[in-house]
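These are my notebook entries on one structure. I set down what I looked up, in the order in which I looked.

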There are 2 protein chains.
Amino acid sequence: MFQSAAKTLSVATTTAATLTRGTSFSIRRYCQKTPATLRVSEAVSGAKLGANVKVQGWVRSVRPQKANLFLHVNDGSSLQSLQVVASSELDDPLLTLGSAVEVTGTLRKSPRQRQPFELEADRIHVVGDCDPVDFPFKIKERHSLEYIRQFPHLRCRTNAFSSLLRIRSEATTAVHSYFKENGFVQIHTPVITSNDCEGAGELFQVEPSSPNNEEGEKFFSVPAFLTVSGQLHLEVMSGAFSRVYTFGPTFRAENSQSRRHLAEFYMVEAEVSFTQSLEDLTKVMEDMFRSATEHVLAHCAEDVDLFHKHVTPGHRVSPQGHFGFPEICLPNRCKIFINSPPDGYLSLRYVSPLILLSHNIDRGSSFLQWGCDLQTEHEKHLVKHCGNIPVFVTDYPYDLKPFYARDNLDHPEHTAAAVDLLVPGVGELCGGSLREERLDLLKARLGEYLDLRRFGSVPHGGFGMGFERFLQCILGVDNIKDVIAFPRFSHSCPL
Amino acid sequence: MFQSAAKTLSVATTTAATLTRGTSFSIRRYCQKTPATLRVSEAVSGAKLGANVKVQGWVRSVRPQKANLFLHVNDGSSLQSLQVVASSELDDPLLTLGSAVEVTGTLRKSPRQRQPFELEADRIHVVGDCDPVDFPFKIKERHSLEYIRQFPHLRCRTNAFSSLLRIRSEATTAVHSYFKENGFVQIHTPVITSNDCEGAGELFQVEPSSPNNEEGEKFFSVPAFLTVSGQLHLEVMSGAFSRVYTFGPTFRAENSQSRRHLAEFYMVEAEVSFTQSLEDLTKVMEDMFRSATEHVLAHCAEDVDLFHKHVTPGHRVSPQGHFGFPEICLPNRCKIFINSPPDGYLSLRYVSPLILLSHNIDRGSSFLQWGCDLQTEHEKHLVKHCGNIPVFVTDYPYDLKPFYARDNLDHPEHTAAAVDLLVPGVGELCGGSLREERLDLLKARLGEYLDLRRFGSVPHGGFGMGFERFLQCILGVDNIKDVIAFPRFSHSCPL
């Protein structure tokens with residue numbers, strides 16, 4: 001022990017000079033005297049015009065011409081890349097699609113029409129090369145969402161997916177902003193839980209990979225699962241906060257490879273206390289949806305435009321709607337979301353779609369009868385029938401909804417105060433209900449759930465919105481795997 | 001099938017009238033003609049003075065006097081409760097601590113000193129009663145954090161924990177705001193992963209609770225775990241975005257009941273591309289910590305004050321620091337975090353603490369020698385020694401850090417470009433490093449990880465901050481279980 005201390009001291013003596021504030025540890029690695037570093041988003045909007053600047057990013061295109069070399073450089077800060085113009089002498093065989101570069105030069109007005117500003121380079125340094133043979137994306141090729149999905153670790157380097165990720169990030173901000181501005185407290189509901197909120201089965205169970213405790217003993221003493229909903233935990237909180245929300249990952253062990261399912265997806269969930277009717281909920285659902293859509297369109301105009309015009313343009317020219325309504329292009333669809341009518345979105349009781357769909361769907365499998373849940377197919381038809389606008393469907397048959405939905409006590413129909421928000425292209429976007437706050441009516445199955453009703457129980461309700469579905473809806477993306485950074489589904493968990 | 005359709009139509013006919021816009025489904029439940037509803041936070045600041053208003057919330061205190069009844073009502077929108085003054089005639093045996101009430105009356109200036117405004121009630125309706133015998137919290141008793149921790153579904157009804165939850169929500173906003181304002185894109189890194197980033201063991205494994213596929217076949221085809229860090233996924237993204245971050249739950253299957261460990265906790269993680277030195281990282285770490293602290297103090301002054309003055313006051317009067325520095329009270333500690341010196345927080349190379357700690361710690365077990373990692377005990381001592389300020393420790397021995405940390409290639413010491421930020425009361429708050437971007441130096445073990453270095457590899461680095469530790473640090477909370485809504489640890493996963 002003393003020997004160790006002695007060794008310590010001798011090492012230490014030689015470095016006592018390092019006991020100074022600040023930069024003593026930093027030895028700059030590959031930079032000389034450096035000009036101001038600009039992000040691409042700043043450079044393309046003409047910041048520091050005329051100044052000597054440095055830009056760092058990845059090459060998106062290379063066009064060598066006789067006298068000049070043209071590059072486009074992108075650093076993820078915007079969809080637009082910065083055009084770099086250099087003397088041919090600065091060309092380098094390592095300048096290929098995907099290579100990382102650091103360019104210094106002068107930012108100037110561009111004589112070309114396609115961009116207002118460009119960087120006249122006096123130095124191009126290839127920071128990291130990129131073998132164009134092995135790199136799965138090619139210059140000037142437009143790769144489909146299906147193709148790039150094969151490369152989960154590289155697809156962020158395409159225009160489409162980097163736009164998607166910026167939109168997703170901004171949509172996250174939009175959701176948080178909406179709730180914050182409306183006085184909701186954010187709760188981090190747990191991922192690991194001993195509850196099965198929906199009672200739906202399809203749970204993931206969690207155990208340490210190498211159990212180091214006694215045989216058979218569980219880590220948490222009880223079976224533990226990945227959450228399927230934060231609702232019960234939000235309900236706990238709605239006994240002290242009249243407005244709470246959560247926004248995080250939820251899980252289903254559904255053995256499906258479909259375009260609509262993921263094993264891990266994001267849910268926005270809210271609970272509102274002292275509700276008096278379903279309207280108190282539908283107002284929040286509608287406001288949130290509208291405000292998030294508006295925020296994303298305002299803050300990611302270019303990125304959204306890329307989707308509407310180039311990535312998912314099929315939606316623009318799709319055939320006429322089923323029920324005589326013309327198909328609406330994506331940008332107009334989004335405008336309809338934002339400019340809802342004065343009374344709010346259309347709202348139908350569950351029985352109404354029954355009439356409509358029974359009259360209009362002529363496939364045997366699509367007949368509906370009282371007590372049937374609406375399938376995605378029905379939901380999409382209904383939305384189309386109504387003119388491709390968002391539609392609330394309320395007051396479902398009681399037996400269709402989970403135990404916590406509030407009984408409307410209406411006879412003979414017997415419905416629950418539950419509501420879904422259906423939107424074009426997706427079907428159900430949000431689902432919610434008033435919660436059964438009456439202890440005597442709640443033949444509940446969960447100890448603490450009952451306790452919540454014993455101590456100052458209040459009428460309350462809540463809903464959840466599938467965040468991926470929201471993105472699919474406003475962008476027109478068909479496959480849910482294309483709106484999440486790292487999709488997980490059965491037989492697929494790379495990285 | 002035709003029979004079903006017929007039944008459908010007959011049900012439908014009777015309800016065709018519901019096909020109208022708006023409120024057709026809503027039957028208001030228990031309200032009469034209602035005055036404007038105010039949140040408690042609005043009422044206590046005198047909104048709608050003189051007007052007839054309605055306030056909903058939970059009773060925090062009841063004081064019946066001869067002529068008047070005094071209540072305090074809270075709805076989670078602020079620490080302050082609203083004082084309600086009513087004629088004794090409105091008293092009700094159901095008005096007890098925890099009961100839910102709806103009070104209508106006139107908001108007026110209070111003749112009493114303790115609050116500027118109060119509600120003169122003309123109606124008090126007990127929405128939900130609360131049995132004072134069974135309810136675990138009592139009027140006028142100050143319950144300890146330990147006591148309330150026994151009631152995970154009810155502790156949000158105490159002042160201390162509802163303050164904590166508001167602070168946590170605001171701190172979340174603060175973190176997102178910082179990154180957004182600085183051009184970072186938020187990535188939802190996955191919870192389920194096939195990687196073990198830290199190689200630390202202690203993983204939770206994930207499998208469907210009721211396997212419905214072929215025997216022995218895994219749901220994801222590969223073993224799948226709960227993430228211990230989003231770093232590798234952020235590194236994927238840092239090949240297209242020069243600034244990315246993630247903020248979400250991470251997991252450790254650590255069999256520990258200690259004050260410092262949770263099985264599920266929140267991490268803020270960031271990656272920055274085109275770094276040139278550790279300074280590029282420490283600047284972000286420092287800025288984020290300062291800005292988040294400042295934001296919380298500014299937006300949750302009352303709630304933070306409750307902690308500093310009443311919940312964790314021990315920190316105010318604790319004995320003199322170990323190394324002759326006086327102990328600093330929590331509010332001043334936070335001021336020091338915010339007003340960092342012009343050169344930034346103190347930064348020491350790893351070797352420096354060795355000298356300091358070897359000289360100053362006189363317990364046999366605390367001797368340090370080159371190659372030893374700093375234990376929490378060392379970290380706290382070091383921070384105290386330096387005057388209870390945040391301290392960066394940089395350039396750890398290479399062998400102490402994971403494979404992805406960048407080799408400083410310095411001989412004979414052989415250090416890695418890694419850094420920890422140590423803070424008072426907690427020890428390590430953030431840990432980060434430059435990442436090894438050089439393919440030839442990276443004898444890596446992960447397929448895709450290598451691929452990231454093949455296509456446009458750039459110098460980059462990142463760090464993670466324990467979000468609970470951040471809250472503990474600024475609030476002076478000793479037990480990590482007291483700064484998270486639903487703590488999970490070995491043998492504990494209620495709800």
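How many disulfides does the structure hold over all chains? I found 0, a disulfide being a pair of cysteine sulfur atoms within 2.5 Å. I then looked up A:C386, which is in no disulfide; the nearest cysteine sulfur, that of A:C473, lies 15 Å away. A:C386 is buried at 16% relative accessible area (buried means under 20%, exposed over 50%, partly exposed in between, with a 1.4 Å probe and protein chains only).

I recorded that this is a predicted model, in which local features need pLDDT of at least 70, side-chain atom pairs count only at pLDDT 80 or more, and totals for chains, interfaces and linings use all residues. Residues are numbered from 1 along each chain as its sequence is written, chains are lettered from A and ligands numbered from 1 in the order in which they are written, and side-chain values use heavy atoms, with hydrogens and water left out.

Next I turned to A:C473. Its closest cysteine sulfur is in A:C334, at 6.8 Å, which is too far for a bond. A:C473 is buried, with a relative accessible area of 1%.

A:C473 is also one of the buried residues of α12(A). I noted that this helix, residues 467–475 of chain A, has 8 of its 9 residues buried and is therefore largely enclosed by the rest of the structure. Just after α12(A), A:G476 adopts a positive phi of about 75°.

Last, I looked up chain A as a whole. I listed 12 helices and 17 strands (DSSP runs numbered from the N terminus: helices H or I, at least four residues; strands E, at least two). Of its 495 residues, 62% count as buried.
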